[in-house]
Amino acid sequence: MIISDHAGLLFVHVQQTGGAAVAARLGELLPDARSLPGVDRHATLGQLLRAEPGLASYWTFGLVRNPWARAWSWYRHVERVRTAARPDAGADASASPGEATERRQQFLVEVGETCPDFESFVMRGLGEYQRLQTPQLRYLTTRGRRADLIGRQETLEADLRAAVARLGLPWTPLPERPAEDPEAYRPAYTEAMRRRVEAVFARDVATFGYEF
């Protein structure tokens, strides 16, 4: 999450949607950028408003992503964290991540051990872990509130630029990243896995019009 009281801004960070790039840019542009102590940086809009009700009046935005691409990206992240956590990985023993970061890493390592391949991540993990199965729509809506702008990872730069313009802030292009095939996730799926993701994230598919 990113909060700016001066700009009246709340950015809700949905996992694996490009939110880290957004948070980094907002941190550069907003000197008073802050988070909520003790609240997960990937908290839902509802959780954030319960923690600080005054945020309900802030201009709010977040990003969503194709659910099939997002699941594949999340699994690859799980694999990277699990690999880095191995005793022979050569991690810097002097590094001391914050408590919240450590909890997230422990969760990802647990998921990686429970779901050692992408098929088990989809077919088993999406059923066992609440965090993995939460619809993106739930992150950005409550019964009485919806994010003012819901952008997409697929058009991240354009949507972030629109958000920055809404705040009256200067814009410079995001740092260039290695080109990524937007359909690289497709070969990783079987038909059963494809249907599983469609069922779990049916609300996202219906609301945002995503297709495999």
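Predicted model: local features only at pLDDT ≥ 70, side-chain atom pairs only at ≥ 80, totals over all residues.
Let's begin with the largest pocket, which has a volume of about 1400 Å³. It is lined by 48 residues, and the closest to its centre are Thr17, Gly18, Arg65, Gln153 and Arg177. Helix 1 (19–29), helix 3, helix 4 (99–114) and helix 8 (156–166) each give two or more residues to that lining. Which helix gives the most to it? That would be helix 3, with eight residues. By residue class, the lining of the largest pocket holds 18 nonpolar, 14 polar and 16 charged residues.

Is Ser73 buried or exposed? Its relative accessibility is 13%, and buried means under 20%, so Ser73 counts as buried. Setting aside neighbours within four places in sequence, Ser73 is in contact with Gln16 and Arg65. With Gln16 there is also a side-chain to side-chain polar contact of 2.8 Å. And you'll remember Arg65 from the list of residues closest to the centre of the largest pocket.

Now on to the second largest pocket, with a volume of about 270 Å³. Its lining has 15 residues, and Thr44, Gln47, Thr134, Arg138 and Tyr139 lie nearest its centre. Helix 2 (45–51), helix 6 (130–133) and helix 7 (136–140) each supply at least two lining residues, with helix 2 providing the largest share, three residues. Here the lining divides into two nonpolar, nine polar and four charged residues.

Notes: Residues numbered from 1 in each chain as written. Heavy atoms only, no water. Buried < 20%, exposed > 50% of the residue type's maximum accessible area, 1.4 Å probe, protein only. Polar contact = N/O pair within 3.5 Å; in protein donor to acceptor, adjacent residues only side chain to side chain. Contact = heavy atoms within 4.5 Å. 1 Å grid on protein atoms, 1.4 Å probe; cavity = no way out; pocket = protein on both sides within 12 Å on 5 of 7 lines; lining within 4 Å. Points joined across faces, edges and corners; volume = space filled by probe spheres on them. Helix = DSSP H or I, 4+ residues; strand = E, 2+ residues; numbered from the N terminus. Nonpolar A, V, L, I, M, F, W, Y, C, P; charged D, E, K, R; others polar.
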